Amino acid sequence: MSNSLRVQPADGYAGDVSGVLAWEWVQSGEAVLVDVRSDAERAWVGFVPDAPAVAWKQWPGMASNPNFDAELQAAVPAGKKVVLLCRSGVRSIAAAKRATELGLQAYNILEGFEGDPDSNAQRGHQGGWRFHGLPWRQG
């Protein structure tokens, strides 16, 4: 099995997965993809169609979302995994840990939506959801 289809162990949540594996789970009905980026990020950079948006922190100021727990629980039906997506795979780790505390089987999507910055400090050229050709839209 290729690395892109393996769950990598993690502390405090079910594990780290590639966008490719996360998308397979979503398509098969095993999991719900939840985008934990801010409303501004989704509006300006793009989003995954039909993915519930439950911000971990909101722009401006990146204040914690006081409704995160309730919104996340409402977005994930009982018995389904949740795969969490942020910009680079950092906020989604914190969100996965919180989701686990709430009783969900939660996974972080490695590389996030945009991946890490390249040598020009630009994202989207070295990994990430969009880089790997997974479904997304802008608008």
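Predicted model: local features only at pLDDT ≥ 70, side-chain atom pairs only at ≥ 80, totals over all residues.

Biologist: Which strand is N108 in?

Modeller: N108 is in strand β6, residues 106–109.

Biologist: And is N108 buried or exposed?

Modeller: N108 counts as buried, because its relative accessibility is 1%.

Biologist: What else is N108 in contact with, leaving aside its neighbours in sequence?

Modeller: Leaving out residues within four places in sequence, N108 is in contact with Y13, G15, D16, V17, L84, G89, S92, I93 and A96. One of those, D16, is also the bridge partner of N108.

Biologist: OK, that brings in β1. How many bridges join β1 to β6?

Modeller: 3 bridges, and the two strands run parallel.

Biologist: What's the strand order in the whole sheet?

Modeller: The order is β1-β6-β5-β2, an open sheet of 4 strands with parallel pairing. At the edges you have β1 (15–17) and β2, each pairing on one side only. From one strand to the next, the twist averages 30°.

Biologist: Back to S92. Which residues of its helix are buried?

Modeller: S92 is in helix α4, residues 91–101, and the buried ones there are R91, S92, A95, A96 and A99. Those buried residues line one face of the helix, because they fall within an arc of 135° seen down the axis of α4.

Biologist: Why would residues a few places apart point the same way?

Modeller: An α-helix has 3.6 residues a turn, so residues three or four places apart point the same way.

Biologist: What do the buried residues of α4 pack against?

Modeller: They pack against α2 (39–45), α3, β5 and β6. After α4 comes G103, with a positive phi near 95°.

Biologist: How is β2 joined to β5?

Modeller: By 5 bridges, with the two strands running parallel. For instance, V32 has V82 in β5 as its bridge partner.

Biologist: There's a lysine in β5 I'm curious about, K81. Is it buried or exposed?

Modeller: K81 sits in strand β5. K81 counts as buried because its relative accessibility is 15%, and the cut-off for buried is under 20%.

Biologist: What's the polar contact of the K81 side chain?

Modeller: The side chains of K81 and E30 are joined by a polar contact of 2.9 Å. Beyond four places in sequence, K81 touches W25, E30, A31, V32, V76, Q105 and Y107.

Biologist: Now the greasy part. Which residues have the most contacts inside the largest nonpolar core?

Modeller: V34, V36, L72, V82 and L84, in a core of 18 residues. The elements giving two or more residues to this core are β2, α3, β5 and α4. Apart from it lies another core, of 16 residues, among them A31, Y107, I109 and L134.

Biologist: And what does V34 touch?

Modeller: Not counting residues up to four places away in sequence, V34 touches P52, V54, L72, A75, V76, V82, V83, L84 and L85.

Biologist: Last one. Where does A78 lie?

Modeller: In the loop between α3 (68–75) and β5 (81–85). A78 is exposed, at a relative accessible area of 82%. A78 and L104 are 26 residues apart in sequence, while their C-alpha atoms are 8.5 Å apart in space.

Terms used:
Residues numbered from 1 in each chain as written. Heavy atoms only, no water. Buried < 20%, exposed > 50% of the residue type's maximum accessible area, 1.4 Å probe, protein only. Pairing = 2+ DSSP bridges. Contact = heavy atoms within 4.5 Å. Polar contact = N/O pair within 3.5 Å; in protein donor to acceptor, adjacent residues only side chain to side chain. Arc of directions from axis to C-beta. Core = buried A, V, L, I, M, F, W, Y, C linked by side-chain atoms within 4.5 Å. Axes fitted to C-alpha atoms, helices over the stretch in contact; angles between N-to-C directions.
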